[in-house]
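Let us walk through this protein chain step by step. Keep the sequence and the 3D view side by side as you read.

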Amino acid sequence: MLTIIPDKKEFVLEVHHRLSEVYGSQIKYFHDLDPLSELVSSLLSHRTKNRDSGLAFTNLKNLFGSWENVRDAPTDTVQAAIKPCTWPEQKAPRLQQVLSLIPQHNGVLSLDFLTDMDVTAARKWLEELPGVGPKTSAAVMSFSSLRAKALPVDSHHFRVAVRLGIINAKIGEAKANRVLENLLPPEFTAQEVYDNHQVMMRHGQKVCFHFKPACTDCVLLDVCPTGENTLSQQSILL
Ligand code: SF4
């Protein structure tokens, strides 16, 4: 039977605790890149498998040696280097455009100056760059060596949140970043916000699949309207 937790913030916290029991807490950060390298990595990863965007990132580092060289190289050579990604013909000129715009801040091709800004101001600055939305700005702030408090929401995280009824699918992934982050306790540390990103994503990858979610194996079944609905439909058909 479905248990309803009417307060959304309480519900989000309950989900976080249950998933942390399964997937852990104090989860090790998967990257330790400087903020500019993390931005490049995030731009390459859009709608691309991690393995392929990782290969494209390594190609850029090995072939060009610096982000300045990537910026100044003929675009077709950058495009060839990032071929493992989806849409290299769009990502190559966009990446070079972003790399050209960043030095307008203080003349240096680096994002290290973000360390001195508060997270809101830093994300706003990043989101003024072409192709950088809330998910990418959150990824730069959280995953890079900045280790700041920001919640990136990927497609797995988004799907789980929708199925649990935390957000409506119509708000879209970009807006969901802010909404879901604001539902987390304000006292959460950067690590706890990162853990939330990780446990929601892992749950989408391992249990709440895009097709045929494994609801009977899910620790959230008793609080999930979609899971309860799916199982009651199946029992009607039996
Ligand atoms: S009960 Fe099913 S739909 Fe709900 S979160 Fe779990 S796996 Fe996803």
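How far apart do the C-alpha centres of domain 1 and domain 2 lie? The answer is 29 Å. Keep in mind that this is a predicted model. The domain assignment gives domain 1 as 8-27 + 153-237, and domain 2 as 35-143.

The two domains touch. Domain 1 brings eight residues to the contact, and domain 2 brings five residues. On the side of domain 1 that touches domain 2, helix 10 and helix 11 each supply at least two residues. Helix 10 gives the most to this side, with four residues. By type, the residues on this side of domain 1 are five nonpolar, one polar and two charged.

Now look at helix 10 itself. Helix 10 covers residues 172-183, twelve residues in total. From its first C-alpha to its last, helix 10 reaches 16 Å. That is close to the 16 Å expected at 1.5 Å a residue. Which residues of helix 10 are buried? They are A176, N177, L180 and L183. These residues lie on the same side of helix 10, because they cover an arc of only 145° around the axis. The buried residues of helix 10 pack against helix 1 (8-23), helix 8 (134-143) and helix 9.

Helix 9 comes next. Its buried residues are H157, F158, R159, V160, A161 and R163. After helix 9 comes G165, which has a positive phi near 85°.

Turn to the ligand. Which residues come nearest to the ligand? Of the 14 residues around the ligand, the nearest are C208, C215, C218, C224 and G227. Two elements give two or more residues to this shell: helix 9 (155-163) and helix 12 (225-237). The shell around the ligand holds eleven nonpolar residues, two polar and one charged.

Pick out C224 from that list. C224 sits in the loop between helix 11 (190-206) and helix 12. Is C224 buried or exposed? C224 counts as buried, because 23 C-beta neighbours lie inside 10 Å. The cut-off for buried is 20 or more. Leaving aside neighbours within four places in sequence, C224 is in contact with R163, L164 and C218. One of these contacts, R163, is a buried residue of helix 9. Another, C218, is among the residues that come nearest to the ligand. Now compare C224 with M201. They are 23 residues apart along the chain, and their C-alpha atoms are separated by 16 Å.

Finally, check the backbone angles. Most residues other than glycine have a negative phi. Two residues here go the other way. Phi of Q26 is positive, near 55°, and Q26 is not a glycine. Where does Q26 lie? Q26 is in the loop between helix 1 and helix 2 (35-45). Q26 is exposed, because 9 other C-beta atoms lie within 10 Å.

R47 also has a positive phi, about 50°, although R47 is not a glycine. R47 lies in the loop between helix 2 and helix 3 (50-64). R47 counts as exposed, because it has 9 C-beta neighbours inside 10 Å. For both residues, the cut-off for exposed is 12 or fewer.

Terms used
Residues numbered from 1 in each chain as written. Predicted model: local features only at pLDDT ≥ 70, side-chain atom pairs only at ≥ 80, totals over all residues. Near = placed C-beta within 6 Å. Nonpolar A, V, L, I, M, F, W, Y, C, P; charged D, E, K, R; others polar. Contact = placed C-beta atoms within 7 Å. Expected span 1.5 Å × (residues − 1). Arc of directions from axis to C-beta. Domains from an automatic or database assignment.
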